[in-house]
Amino acid sequence: MRYCDGELSTAETARVRSHLEACWECRAELDRLQQTIAECMEFRRTVLREHLPPPPEPWKDLYTQMGRIDAAMAPPPLWRRALRWLGDVAQPRIALPAGAVAALLLAFVLFRDTPSVQAAELLQRAAAAENKFPRTARRLRIRTRSGSFTRLLPAGGPSPVAELFAQARYDWQDPLSARSFGAWRDTLDRKDDEVAEDREGFRILTRAYAGELREASMRLRRDDLRAVQGTFRFQNKEWVEVTELEAGAALASAAETPAPAAPIRTGAAVEPVAAPAAESGDATDADEVKVWALLHQLKADLGEPVEITRAEGKVRVSGVGLAEERQQEIAAQLAAVPHVEVRFADPAPVPATAAAARATLRSGESPLAAELERAFGSRAMVDTVAAEALDHADALMARAYALRRLRERFPQGAATLPDSGAGALGAIERDHLNALLAHASQLDRLLAPAMRSLGAADGGSEGERNLFAASYALERSVSMLFGGADAAGDARQLPARLLERLAQVQSLARWQLAKAGTDSRE
Amino acid sequence: MVPLSLAAKLNSMAAARPDGGPQQVVARLFEEARDDVYRYLLLIGLHPPQAQEATQEVFLRLYTTLLKGVEIENHRAWIFRVAHNYGLKVRTSQNRSHAFDPALEQKLTSAEPDPERGLAQRERMANLYHAIEGLSEQQRRCLLLRMEGLRYPEIGEALGISPSTVGEFLRRALARLQTVLKKGQP
């Protein structure tokens with residue numbers, strides 16, 4: 001075979017040729033082999049060419065596409081390089097003549113950087129900023145077409161989203177980083193970039209002409225160029241939105257800090273919903289409860305950064321960093337409700353206090369990794385359980401936040417509301433409590449047997465009296481169990497603490513549910 | 001005399017090269033090989049729209065590689081190597097449950113009689129197709145790439161196997177096909 005294909009060395013070829021001259025049997029075998037090869041080529045020439053389907057579309061003009069590649073790969077113009085050089089050397093002691101400065105500014109205005117150059121420079125600076133700090137685990141909220149969940153990354157374990165990113169050659173272990181974004185962008189032969197700037201920071205949008213990932217955008221915070229939000233759209237119409245959660249601080253800030261009424265700078269603006277002409281008077285508590293109920297139907301009260309406030313006689317629904325489709329969905333849901341104003345904006349900068357309060361987690365390895373592997377049977381099983389447990393913990397926490405917001409907004413409960421409002425509010429609360437208990441029950445099923453096998457006794461329900469605080473503590477325990485441990489904690493106590501907090505949450509939720517049922521009957 | 005623009009100067013410099021510059025090289029290869037690459041991608045399971053898009057992508061990658069000054073000894077081998085690897089990635093992400101099936105056997109048996117080829121030849125081709133389908137995946141890939149003119153080291157590089165393993169796969173594949181053709185039935 002190798003002789004037939006010319007794959008032998010010169011010496012070997014000579015030996016084989018010499019043998020063939022002497023051996024009819026081998027020569028006949030070689031003839032049969034070459035005849036088979038001829039049949040294969042006949043097959044290629046006739047069958048494949050005639051019976052395979054032709055290309056469904058006309059072939060694109062390659063010269064046009066090669067021209068785009070040329071444009072994307074062109075170096076920055078000389079004037080830009082000169083301007084950069086001037087920026088490097090310009091020191092206070094160098095005073096340029098006013099005319100020269102004006103000329104340079106004019107040149108800059110007229111011949112400013114292309115978006116591609118802007119994007120590349122911005123990503124380079126952001127990546128340099130990232131390199132100054134060690135990579136730590138980050139809690140990320142991930143939204144997809146089919147739902148939302150929270151992940152502590154970097155983390156192992158397969159998932160449909162991880163698979164999507166792997167096929168797109170985008171680092172799923174660190175999706176919210178200028179490094180990963182830049183690395184993906186550098187693989188693109190052809191791309192279009194857009195760069196937008198507002199007072200909170202920068203937004204880079206890159207569209208690819210080919211590949212699995214067709215569009216990616218990333219928001220960089222102005223202060224430190226930290227990537228805080230990313231949106232990814234894939235060729236198969238899937239989309240993924242990744243937002244950083246600051247160990248609950250971001251959720252808290254979204255829940256407790258009214259969004260600034262800043263106009264939208266990028267994307268389609270959602271205009272304030274004007275009140276119907278016939279309505280009069282100011283919004284009432286009943287109107288507000290109606291808004292809560294409608295948002296509850298959309299599940300927009302479960303951790304999404306949507307705010308409900310009262311201002312200027314209206315119920316104002318505002319939010320930060322929501323995807324455009326979600327903004328429109330919410331606006332449509334509330335369109336017919338009187339005394340309602342919908343106003344969305346881009347993300348506000350994370351307050352310094354929230355940033356300082358960021359919990360520091362180690363880089364993703366559980367302190368009980370070996371014990372968990374023994375308890376669950378394998379590393380793969382640990383990863384599977386971790387993913388499911390974190391999902392339930394996150395969903396439980398979202399319900400706890402929603403309940404807290406309702407309690408803060410309506411501290412007297414349904415007592416001060418008219419019948420219709422009281423009924424709606426009670427229904428929302430019971431729904432949240434039932435869902436919270438369901439997630440707690442799932443955590444019990446997933447984790448309790450393993451925790452007991454690690455020596456933890458079933459926890460008492462005394463201790464925390466506040467459902468929110470107990471939920472928060474439980475959610476932290478689950479995160480620490482699978483992703484790391486805080487500096488002051490003793491990892492060996494984690495299983496016992498987790499069971500204790502789980503018992504507290506279940507007890508408190510059942511009590512509140514029973515109370516809500518009693519209140520509704522009164 | 002009007003001075004030449006920089007772009008015109010560059011174009012004339014490229015035109016003076018024996019191969020006419022990267023654009024001309026890629027354009028020529030595109031005309032020569034795009035249908036072969038497209039058919040190869042169909043045979044490894046891409047659906048026609050993905051196969052066509054992947055084909056164009058391969059040639060644009062070739063252009064980008066040449067622009068970077070990379071020397072490529074055998075353009076055709078490079079194209080098929082990249083097409084194979086890129087095609088497999090596209091195939092795994094295809095939003096369909098099955099790889100593309102060209103249904104060649106059905107087309108062969110239902111094709112109109114061709115006076116030039118005769119029934120016997122059509123039956124041989126149908127049997128050959130059936131035999132090729134019966135090869136292991138690596139044997140089939142080695143065979144298809146060899147049919148496109150790639151040498152053993154080039155096939156090995158595309159498939160991630162050694163040249164000697166390529167030779168072994170091809171030997172077994174042809175032995176199998178020989179048996180089928182000799183017997184006249186799969």
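**A helix pair between the chains**

Modeller: In this predicted model, helix α2 of chain A, residues 24–51, packs with helix α9 of chain B, residues 163–183, at an angle of about 85°. The axes of these two helices are 10 Å apart. An angle from 65 to 115 degrees counts as roughly perpendicular, so α2(A) is roughly perpendicular to α9(B). On the α2(A) side, the residues that meet the partner helix are A:Arg32, A:Leu33, A:Thr36, A:Glu39 and A:Cys40. From α9(B), the residues taking part are B:Leu174, B:Leu177, B:Gln178 and B:Leu181. Sorted by class, this contact of α2(A) with α9(B) has 5 nonpolar, 2 polar and 2 charged residues.

Now the wider contact between the chains. In total, 40 residues of chain B are in contact with 34 residues of chain A. On the chain B side, the elements that give two or more residues are α2 (22–43), α3 (48–67), α4 (75–93), α5 (104–110), α6 (118–133) and α9. The largest share comes from α3(B), with 12 residues. By class, the side of chain B that touches chain A has 23 nonpolar, 9 polar and 8 charged residues.

Last, the confidence values. The predictor gives the complex an ipTM of 0.81 and a pTM of 0.40. Chain B has a mean pLDDT of 80, and 77% of its residues reach 70 or more. Over residues 1–14 of chain B, pLDDT stays under 50. For that stretch of chain B, the model has 3 contacts beyond four places in sequence.

Key
Residues numbered from 1 in each chain as written. Chains lettered and ligands numbered in written order. Predicted model: local features only at pLDDT ≥ 70, side-chain atom pairs only at ≥ 80, totals over all residues. Axes fitted to C-alpha atoms, helices over the stretch in contact; angles between N-to-C directions. Helix = DSSP H or I, 4+ residues; strand = E, 2+ residues; numbered from the N terminus. Parallel < 35°, antiparallel > 145°, perpendicular 65-115°, else oblique. Contact = placed C-beta atoms within 7 Å. Nonpolar A, V, L, I, M, F, W, Y, C, P; charged D, E, K, R; others polar. pLDDT = per-residue confidence, 0-100.
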